[in-house]
Every structure is written in C-alpha cells, then in structure tokens.
Amino acid sequence: MSATRLHADEVAIDAALAGRLVASQFPAWRDLALTRIASGGTDNAIFRLGEEFCVRMPRYPAAAALVGREKLWLSRLAPQLPLAIPTPLAMGSPGEGYPFSWSICRWIAGEDAMTGRLSDGGAAARTLAGFIAALRAIDASGGPPCGDANFERGVPLAQRDRRVREAIALLPEDIDACAVARAWEEALAAPLWPDAPAWLHGDIHPGNLILRDGAIVAVIDFGCVGIGDPACDLQPAWTLFSAAERAIFRAHLAPDEASWVRGRGWALSVAVIALPYYTGRNPVIVGMARRAIDQILLDRGLSACRAS
C-alpha cells in the first residue's frame, strides 16, 4: 500500500533510490540495511535504516515544502513535550534524480494506532490531552504561522468552506450529505479563537501516534506544525476515541465550548475532503475518514447514513 501512487504529481520512490541517496550523501550509513515501511501515510515514503534510524522522503511537491518546518522547529519543541517526537538527525539534498530535500530521523519503535490497539482508551485520552496541552503551552513567539504552507491547518474554518462544500457534493451515496452539511455549518458558526496563535501539530490522527504495549509513546509527522487555532488538534476526539474516551479527552484538556465545536469541524473538514480524494487509492485513510464522519454525526445526534 505504501508504494501506491496517491497524488497526480507524486514522484517515483523505491528502496534502491533511497539507498543511493544515503550512500552518496551519508557514506557512514551506506552499509546499514534499508527496508521500506508499509504505511497509510500520504506525504512521505518511509524506510527503516539499520536499527536506529529512518529515512523520510516526500512523495510530492507540497509535502516537500514541509521538510523545512520540521528541520527548524522540532529540535526546539522536543525538550518541552512529554512524548517522543521525530527530530531530524540529518538533512539530505536532492540527488540521484530525486528532486526534494529529505531527512534521516531516529527510529521510534512501536506500531501506529491505525494498526495497533489501545490497551486502555481512557489512559490514552489523558496522555494525548496532556501532550496537546504541553504543546499549546510552549511560547509561540516567532513560530511559523498557519496557512497555505501547512495545508491550512489552524486557520479559521471559513477559509476551508469552499473545499469542504465541494467535497460534500462528492461524498458516497450511503453518507447523508445533508447531515454532514448541517454539522459543518454549526462548526462555521462557532466563535473564532480569541487569543494569540498557539502551537499546534495540525495532523494528529491514529497513523501519527506510536504505541508500545498499547500505550501512546510518541507523536510523529509534524509537517503541518505551526501557530494558529489550537482547536485543530482536537481531531483525535473523533478519529481515534470512542464516545466514552472522547469525554475523558475533553474533560482532561478542558477546551471551551466554541473550541470543541471548531475541533469537531476540523475533524469533519479533513475527513470530508480526504474521503473522495483517497477512495480507490488509500483504504486506510478512507476508513479513518468514514469513522470520523460517523462519530461526528453520532455526536451531533444525526444519522451517518440514509435509511435503506
């Protein structure tokens, strides 16, 4: 699945190419075993390099533009966070016919929360809420603003309205587009974030959470990191947690009502846009999007599907 072409402007990447890049630019690591990692991720091809490292190679131009954000900010954020994050150890340059910058990070052992199972959902909800709270609390002075450069994560939801409505029109017939539109309009009506921009990850979902023994131990893929409306990071309430776990997550993080509604809108907007885009190309993302839509509509007392 990880080798499937997902984007029209995606470049070809395989283990041979990754090996040539490592050998030519980091010869000290050229003899380490290199294996592609199966992943539901959409932005980067991931290769394990030896026992300690991984190679991350952007798949298309928009993802390549995010590499610099991680290089600049992750080493500054990592010491202030309660969970591990993948700080780059080395930055590679274009070469061997590959057009983008790429990175080598330390390998974080475990399995992602898409393929693994939480051993204690309530504990996971508290752990993730604590991580998000710690990230928000970091001084955001000089941080990178949210916008086009980070796929609009953390911007006012109204900036995504056109794309969301276009995607709603493309939803499969078994999903009630009218109910989805009502939930989206409710999110749009929520008051805007009134405070200064705060740090946010921007893409917290099960595929970007690493588990060991069923517990969350790391958060990965910070390409969308930036400062903006932190409600964007409430998305796992609907992409990961059950209703009971969602209540624990909310109680532990204690967002105000408007932030909670905007967070639900963020989860809905990402899912609605992803579902038609990845149908037939990435079943993992499609499954996560469907689950999020279902949980959001259930949360709102709406039906996810039309009656048969």
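**Helix 10.** I looked up which residues of helix 10 are buried, and the list reads Ile285, Val286, Met288, Ala289, Ala292, Ile293, Gln295, Ile296 and Leu297. I note that the model is predicted.

Next I looked up what these buried residues touch. The buried residues of helix 10 pack against helix 6 (177-189) and helix 7 (236-239), and also against helix 8 (243-253) and helix 9 (257-278).

I then checked the length of helix 10, which runs over residues 283-299. It has 17 residues, and at 1.5 Å a residue it should span 24 Å.

**Whole protein.** I listed the secondary structure and got 10 helices and 10 strands.

I compared the radius of gyration with the value for a compact globule. For 308 residues that value would be near 19 Å, and the protein has 19 Å, so the two agree. I also noted that the C-alpha trace spans about 55 × 40 × 35 Å along its principal axes.

I asked how much of the protein is buried: of its 308 residues, 53% are.

I took the contacts between residues at least 6 apart in sequence, and 73% of them join residues at least 24 apart.

Last, I looked up the charged side chains and found 30 positive and 33 negative. I recorded that the centres of the two sets lie 1 Å apart.

Methods. Residues are numbered from 1 along each chain as its sequence is written. This is a predicted model: local features need pLDDT of at least 70, side-chain atom pairs count only at pLDDT 80 or more; totals for chains, interfaces and linings use all residues. Side-chain values use heavy atoms; hydrogens and water are left out. Helices (H or I, at least four residues) and strands (E, at least two) are DSSP runs, numbered from the N terminus. The radius of gyration is taken over C-alpha atoms; the globule rule is 2.2 Å times the number of residues to the power 0.38. Buried means under 20% relative accessible area, exposed over 50%, partly exposed in between (1.4 Å probe, protein chains only). Contact means heavy atoms within 4.5 Å. Lys and Arg count as positive and Asp and Glu as negative; His and the chain ends are not counted. The place of a charge is taken as NZ of Lys, CZ of Arg, CG of Asp or CD of Glu. The expected span of a helix is 1.5 Å times one less than its number of residues.
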